Amino acid sequence: MSVVAIDVGLKRIGVALGVGGVVMPQKPILRKNRNQAARDVNAVLSELGAKTLVVGVPLGGSSEDEMRRRISHFVSLLNFSGEIVYVDEAMSSFEASEIYKSSAKDGKLDSIAAMIILKRYLKIL
């Protein structure tokens with residue numbers, strides 16, 4: 001069973017894959033618009049054989065309501081029939097920046113954040 005996590009941002013979507021308890025960051029998706037990004041996420045989910053999709057969402061205060069709404073809308077655009085689970089993404093980008101010390105805007109940091117989100121989910125199971 002493979003589990004895929006995404007960290008949805010306005011410019012990039014981080015992707016991580018979990019198989020047999022091993023979690024690895026994947027190539028991030030650079031976002032041009034939501035329809036292109038949804039197509040690309042669908043392709044990745046299919047390619048990786050995902051049975052579960054873990055989506056990082058901010059679960060904090062009301063100031064994060066708009067981002068939660070955007071993420072929920074984005075997920076509704078996906079053509080995914082597996083289980084969808086939402087996990088708190090709090091501090092995942094900060095933790096990722098502690099692991100990956102680069103200022104590059106190439107999306108690698110986003111995929112490491114997705115890896116952290118997926119690890120959190122797997123510890124819940």
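Contact here means heavy atoms within 4.5 Å. By that rule, the buried residues of helix α1 pack against β1 (2-8), β2 (12-19), β4 (29-30), β5 and α2 (65-76). The model is predicted. Its protein chain has a mean pLDDT of 89, and 90% of its residues reach 70 or more. The chain holds four helices and six strands.

**Overall fold and dimensions**

- Along the sequence, the elements of the protein chain follow the pattern β-β-β-β-α-β-α-β-α-α.
- The C-alpha trace spans about 30 × 30 × 25 Å along its principal axes.
- A compact globule of 125 residues would have a radius of gyration near 14 Å, and the protein chain has 13 Å, so the two agree.
- Buried residues account for 43% of the 125 residues in the protein chain.
- Take the contacts between residues at least 6 apart in sequence: 62% of them join residues at least 24 apart.

**Confidence by element**

- Among the elements of the protein chain, α1 has the highest mean pLDDT, at 97.
- Helix α3 (residues 92-99) has the lowest, at 74.

**Helix α1**

- Helix α1 covers residues 34-47, which makes 14 residues.
- At 1.5 Å a residue it should span 20 Å, and its end C-alpha atoms are 20 Å apart, so the helix agrees with expectation.
- N33 caps the N-terminal end of α1. A side-chain oxygen of N33 lies 3.1 Å from the backbone nitrogen of N35.
- G49 follows α1 and has a positive phi, near 65 degrees.
- Q36, A37, A38, V41, V44 and L45 are the buried residues in α1.

**Nonpolar cores**

- In soluble globular proteins, nonpolar side chains tend to be buried together.
- The largest nonpolar core in this model has 22 residues. Within it, V4, I6, L53 and F74 have the most contacts.
- The elements giving two or more residues to this core are β1, β2, α1, β5 and α2.
- Helix α1 gives the most, with five residues.
- A second, separate core has 16 residues, and V85, V87, A114 and I116 are among them.

- T52 is found in strand β5, which runs over residues 50-57.
- T52 has a relative accessible area of 3%, so it is buried. The cut-off for buried is under 20%.
- Beyond residues up to four places away in sequence, T52 touches S2, V3, V4, F80, E83, V85 and Y121.
- L53 is in contact with V4, I6, L45, L78, F80, E83, I84 and V85, leaving aside its neighbours within four places in sequence.

**Strand β6: I84 and V87**

- I84 is placed in strand β6, and V87 is found there too, in a strand that covers residues 83-88.
- At 32% relative accessibility, I84 counts as partly exposed, because that value falls between the cut-offs of 20% and 50%.
- I84 is in contact with L53, V55 and V75, leaving aside neighbours within four places in sequence.
- The C-alpha atoms of I84 and L53 are separated by 4.8 Å, although the two residues are 31 apart along the chain.
- V87 has 7% relative accessibility, so it counts as buried.
- V87 touches V54, V55, G56, V57, I117, R120 and Y121, not counting residues up to four places away in sequence.
- V55 is in contact with I84 and is touched by V87.
- Y121 is touched by T52 and by V87.

**Loop position N79**

- N79 lies in the loop between α2 and β6.
- N79 has 70% relative accessibility, so it counts as exposed. The cut-off for exposed is over 50%.
- The C-alpha atoms of N79 and M24, 55 residues apart along the chain, are separated by 23 Å.

How values were computed
Residues are numbered from 1 along each chain as its sequence is written. This is a predicted model: local features need pLDDT of at least 70, side-chain atom pairs count only at pLDDT 80 or more; totals for chains, interfaces and linings use all residues. Side-chain values use heavy atoms; hydrogens and water are left out. Buried means under 20% relative accessible area, exposed over 50%, partly exposed in between (1.4 Å probe, protein chains only). The expected span of a helix is 1.5 Å times one less than its number of residues. A polar contact is a pair of N or O atoms within 3.5 Å; within protein, one must be able to donate a hydrogen and the other to accept it, and residues adjacent in sequence count only if both atoms are side-chain atoms. pLDDT is the predictor's confidence in each residue, from 0 to 100. A nonpolar core is a set of buried Ala, Val, Leu, Ile, Met, Phe, Trp, Tyr and Cys residues joined through side-chain atoms within 4.5 Å. The radius of gyration is taken over C-alpha atoms; the globule rule is 2.2 Å times the number of residues to the power 0.38.
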